[in-house]
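Here is a structure to read alongside some questions and answers. Look at it before going on.

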Amino acid sequence: MDSTKVSKLLLAWLVTQGHEVVEYVEGTGITTRYGTAEYAFGIGDGYGDISVHYDLGKFSFYKGGALIKETNLNEFS
């Protein structure tokens, strides 16, 4: 899946989780606010401190190279 589609899917998922969108750069990254905390998700390199990878319906979130969370969207089908 190309980065534009991944960014749109991630955007939709984050909004359903209660994140408020601060900035959206299609195919590159998303900055959100959740409560009082702000998060920057990078689809590729060079955007934010949390990098996001998508493969076969699963988002993997990394910070500093360490896996911090995985979300399998297939569990909802």
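Q: By class, how many nonpolar, polar and charged residues are in the lining of the largest pocket?
A: The model is a predicted one. The lining includes Trp 13, Gln 17 and Lys 69, and these count as nonpolar, polar and charged in turn. By class, the lining has seven nonpolar, two polar and one charged residues.

Q: Which elements give two or more residues to the lining of the largest pocket?
A: This pocket has a volume of about 180 Å³. Among the residues that line the pocket are Trp 13, Tyr 39 and Ile 68. The elements that give two or more residues are H1, strand E3 (37-42) and strand E6 (66-72).

Q: In which sense do E2 and E3 pair?
A: The two strands form a hairpin with two residues between them, and Gly 35 in the turn has a positive phi of about 70°. Ile 30 stands opposite Phe 41 in E3. Over six bridges, the sense of the pairing is antiparallel.

Q: Which residue in E4 does Phe 41 stand opposite?
A: E3 and E4 run parallel and are joined by two bridges. Phe 61 touches both Phe 41 and Ile 50. The residue opposite Phe 41 in E4 is Ile 50.

Methods. Residues are numbered from 1 along each chain as its sequence is written. This is a predicted model: local features need pLDDT of at least 70, side-chain atom pairs count only at pLDDT 80 or more; totals for chains, interfaces and linings use all residues. Side-chain values use heavy atoms; hydrogens and water are left out. Contact means heavy atoms within 4.5 Å. On a 1 Å grid over the protein atoms alone, a cavity is a set of points where a 1.4 Å probe fits but cannot get out, and a pocket is an open set with protein on both sides within 12 Å along at least five of seven lines; lining residues have an atom within 4 Å of a point. Grid points are joined across faces, edges and corners, and a volume is the space filled by probe spheres set on the points. Helices (H or I, at least four residues) and strands (E, at least two) are DSSP runs, numbered from the N terminus. Two strands pair if DSSP finds at least two bridges between them. Lists of a residue's contacts leave out its neighbours within four places in sequence.
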